[in-house]
Amino acid sequence: MNLKIVLVVGLIFLFAVSSGGICYLVMGGPDLEAAYQNGKAEAVQKTQAGEIPHTVQVKNSWDRPVRVLSGTLLTGDGSGGLVIASTVTVPAGSSVEVPAYSTEPEKRTVPGSKLKPTGQAPGLIRDVISSSNPDNPDEAMKTQLKIWVLARGDKVDIYRGEVYAAVKKRDMRFYQLKERLEAVKAELKADYGLTDDELSAADINSPILNRSSPLRILSLIKTIYPGAGQ
């Protein structure tokens with residue numbers, strides 16, 4: 001690896017570290033999981049099954065702001081799991097609605113369900129979320145499909161649960177969904193160096209999902225310096 005590549009990687013690392021520190025100083029306060037464990041925050045599912053992205057209302061009854069971090073996993077009894085799609089701050093004594101993607105394609109989400117924060121999603125899912133805009137319908141749909149593939153691999157059943165509801169809500173054909181799933185699989189393989197076997201066996205608890213953005217960084221470096229790695 002030549003000096004230019006080392007410098008680029010170093011700058012990206014320093015930017016990531018400093019950005020995280022600045023973000024913490026600016027946002028401050030406990031995160032959603034800590035607030036929930038202290039009985040000071042509540043997350044409620046607002047949207048019907050099939051919505052992409054979903055909307056979750058986070059209520060903060062604490063006397064301090066609560067940070068809702070992108071990538072936070074949410075689970076609920078009788079309702080499909082979600083992952084938060086944007087980082088926001090909920091001011092003391094107020095509530096904020098945040099976008100979220102489904103992580104359990106076989107289960108329908110249920111409006112009104114109370115959700116429990118259960119840590120952060122694996123690195124690949126967080127990276128997929130961070131590189132997409134949930135306010136753009138096409139990007140949101142692509143991101144949702146990628147998350148389902150990473151969370152379930154070949155076990156995504158397009159005729160059940162949240163997937164079925166999403167297809168019906170958009171008046172799509174199932175063959176069109178299959179085509180889109182194949183397209184996002186190709187993107188995941190190109191972006192993260194995943195093999196067909198790894199994608200087929202993917203599961204939200206698989207160690208392979210902890211592979212994160214360095215592969216995308218190296219891809220960017222090769223775009224800037226085509227001779228990198230040779």
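Predicted model: local features only at pLDDT ≥ 70, side-chain atom pairs only at ≥ 80, totals over all residues.
The Glu187 side chain meets that of Lys142 in a salt bridge, at 3.2 Å from N to O. Glu187 belongs to helix H6 and Lys142 to helix H4, so the contact ties together parts that are 45 residues apart in sequence. Lys142 is also partly exposed, with a relative accessible area of 35%.

Helix H6 holds another pair. Glu182 forms a salt bridge with Lys185, and their closest N and O atoms are 3.6 Å apart. Both residues lie in H6, three residues apart, about one turn of the helix. Is Lys185 buried or exposed? Lys185 counts as buried, because its relative accessibility is 17% and the cut-off for buried is under 20%.

## The barrel

Six strands close into a barrel. Their order is E1-E2-E7-E5-E4-E8, and the pairing is antiparallel. Neighbouring strands of this sheet are turned by 40° against each other on average, with direction ignored. Helix H4 packs on the sheet. H4 touches strand E5 (79–84) and strand E7 (94–102), and its direction makes about 65° with that of E7.

Strand E8 (residues 114–120) has bridges to E1 and to strand E4 (residues 72–76). Three bridges join E4 to E8, and the two run antiparallel. Within that pairing, Thr72 has Gln120 of E8 as its bridge partner.

## Strand E1

How many of the five residues of strand E1 are buried? Four are, so E1 (residues 41–45) is largely enclosed by the rest of the structure.

E1 pairs with strand E2 (residues 54–60) through five bridges, in the antiparallel sense. Here Gln45 has Val56 of E2 as its bridge partner. E1 also pairs with E8, antiparallel, over two bridges. Val44 stands opposite Lys114 of E8.

Glu42 is partly exposed at 24% relative accessibility. Lys114 is exposed at 57%. Which residues make up the network of salt bridges that includes Glu42? Glu42, Lys59 and Lys114 are linked in it.

## Nonpolar cores

The largest nonpolar core has 36 residues. Tyr101, Ile125, Leu150, Leu177, Leu188 and Leu194 touch the most other members. The elements that give two or more residues to this core are helices H3 (123–130), H4 (137–152), H5 (161–169) and H6 (174–192). Which helix gives the largest share? H4 does, with eight residues.

A second core is separate and has 16 residues. Among its members are Leu32, Ala41, Trp62 and Val68.

Methods: Residues numbered from 1 in each chain as written. Heavy atoms only, no water. Core = buried A, V, L, I, M, F, W, Y, C linked by side-chain atoms within 4.5 Å. Buried < 20%, exposed > 50% of the residue type's maximum accessible area, 1.4 Å probe, protein only. Pairing = 2+ DSSP bridges. Axes fitted to C-alpha atoms, helices over the stretch in contact; angles between N-to-C directions. Contact = heavy atoms within 4.5 Å. Salt bridge = Lys/Arg side-chain N within 4 Å of Asp/Glu carboxyl O.
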